[in-house]
Structures are given as C-alpha cells and as structure tokens.
Amino acid sequence: RIEPVQVAGFVQSYRSLAPESAAGIIPGTEYETWGMSLEHTTPTRTYLGVQGQVLKSEASRQLGAFAPASFFMPLARDPGGVDQNVAYDEQSLLVTANQLVGDEWSFGTTYRLTHAELSGRAPSISDPSIGRNGEILNDQESYLHQIHLDSIYNSSGGFFGHFNANWNQQSNQQDIAGNVGDDFWQLNAFVGYRWWQRRAEFRVGIVNMNDQDYQLDPTTFYNELPRDRMLTLRFKFNY
C-alpha cells in the first residue's frame, strides 16, 4: 500500500464510509475524516482514554430504472437510469478506562456513542407524491450506545481466563424498514493455556452465553455479533 492504513490510531483506508448493508456499493466515494484522541496513565496503573471522530462522505451513482415507452403504450418499458446523490455523516465518542490489579488481573470498561445519518436524493424525479420537494427521499438516522466490560486473568504458569459483557442499545428514526432498534446484553467467557515461551496457545470459550439474538440497523457501524450460543475452540502457534 502507498497510503498508511492508520494514522495515530485512526483508520485511513476506508473503501466506503456509508455501510454497504444500508446503501450498497458506491464506487468513487469522496470522504473526509476528523479525529482527536487523549490518553492518560496514572501512577496507580490506571489507563484512561477519550476519542472523538467525525466521518463524512458524498457520492453519486445511477440506479437502473424502467420508463413507459410512450403515453399511448404504457405497458412497454424502456431501460434507463436515475441519478442518485448519497451522503453519509457519522459522529462517534469513545471513552475507555482500564485498571491493572497486581501482576495477574486487569479490568476494563469501554463506552461508545455513535450517531449516523444516511440520505439519498434523486433530483431527476419530480413526482411530489413519492417525495418531498420533488425528490425521492431515503433518510435514515440512528443512535447506538455500546458498553464493553472486561476482566482478564493471566497467570505466570501459562493459564489465562477472560470474561466480557457487551451491551448495545440502538434507536432509529425514519428507518425505511421500520426497525426501531434494539436493547440487549451478550456475555462471553474463555479459558486457555499458553506454553513454549507463549508461542503456542489453546483456548476454549462460550460466546453469547445468554443466547441473545438482536435486531440492529446497519446505519451505525458495529462488529458482527453471534446470534446464538456458540462453543469456540482455538489453537494458535507463533514462530
């Protein structure tokens, strides 16, 4: 790659800012990113961080459409296209706090708030019955609150354990699919063992222990989560 993937921890290598699950693939998107991060460490081995980010993108594309061939033959259809302008804005705030306890325990919490707006306009369509100001509207707005709680145990003998709890709460406005959002917790637990100077690792865990499904709108970015209770096994070898 010529361009850096990250600068000061902020991702720079976006293919598209607008989620493809909500807007589809939009080639040739222009975007700009703004980010600020503050981090602080205390003598008590507490690590604090605050991060803010603003993402904006604009793009245009043509959607396939069919139009009547003539007024007298409305059943005949001529293939054509409709120009659409797509804009996406996202603002996010991330707050983290992590604490080391002794030589084997660590605890952490993360809170993230994301606000996103996705809008689509088709200025070439002038039928006021299907939109405001003679344009087709595809406006979506979403707020997503996320809390991540962590507890990690690492022994000097190689055994380790990890438990985390994740909370997601989303509220949507003007969602074209009628999805109002969701509010749920998911719990995960892992135990394992490392050996051979930490080059080999075996881990077993249960993800989504409370078997919680969810309905989140893709307008706001989130990592894909398991929808059912799952048993996971992992072996990792570094050389």
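Residues are numbered from 1 along each chain as its sequence is written, and side-chain values use heavy atoms, with hydrogens and water left out. Because the model is predicted, local features need pLDDT of at least 70 and side-chain atom pairs count only at pLDDT 80 or more, while totals for chains, interfaces and linings use all residues.

**Strands**

Strands are DSSP runs of E with at least two residues, numbered from the N terminus. Two strands pair if DSSP finds at least two bridges between them. Strand 6 (residues 105–122) runs antiparallel to strand 9 (residues 140–154), and 14 bridges join them. Within this pairing, His115 stands opposite Tyr143 of strand 9. Strand 9 also pairs with strand 10 in the antiparallel sense, over 14 bridges; here Asp150 has Asn164 in strand 10 as its bridge partner. Four residues separate strand 9 and strand 10 in a hairpin, and Gly158 in the turn has a positive phi of about 115°.

**Two residues and their contacts**

Relative accessible area is judged with a 1.4 Å probe on protein chains only: under 20% is buried, over 50% is exposed, and in between is partly exposed. Contact means heavy atoms within 4.5 Å. Asn166 lies in strand 10 (residues 159–173) and is buried at 13%. Leaving aside neighbours within four places in sequence, its contacts include Ile147, His148 and Trp185. Met209 is in the loop between strand 12 (200–207) and strand 13 (230–237), and is partly exposed at 33%. Met209 and Arg229 are 20 residues apart in sequence, yet their C-alpha atoms are 5.5 Å apart.

**Aromatic rings**

Rings of Phe, Tyr and Trp (its six-membered ring) pair if their centres lie within 6.5 Å; planes under 30 degrees apart count as stacked, over 60 as edge-to-face and the rest as tilted. The count comes to ten aromatic pairs. Two of them are tabulated.

| Pair | Centre to centre | Angle between planes | Class |
|---|---|---|---|
| Trp195 and Phe235 | 6.2 Å | 40° | tilted |
| Tyr214 and Tyr222 | 6.5 Å | 90° | edge-to-face |

Trp195 belongs to strand 11 (residues 181–195) and Phe235 to strand 13, so their pair ties together parts 40 residues apart in sequence. Trp195 is partly exposed at 34%, whereas Phe235 is exposed at 53%. Tyr214 is buried at 1%, and Tyr222 is buried at 16%.
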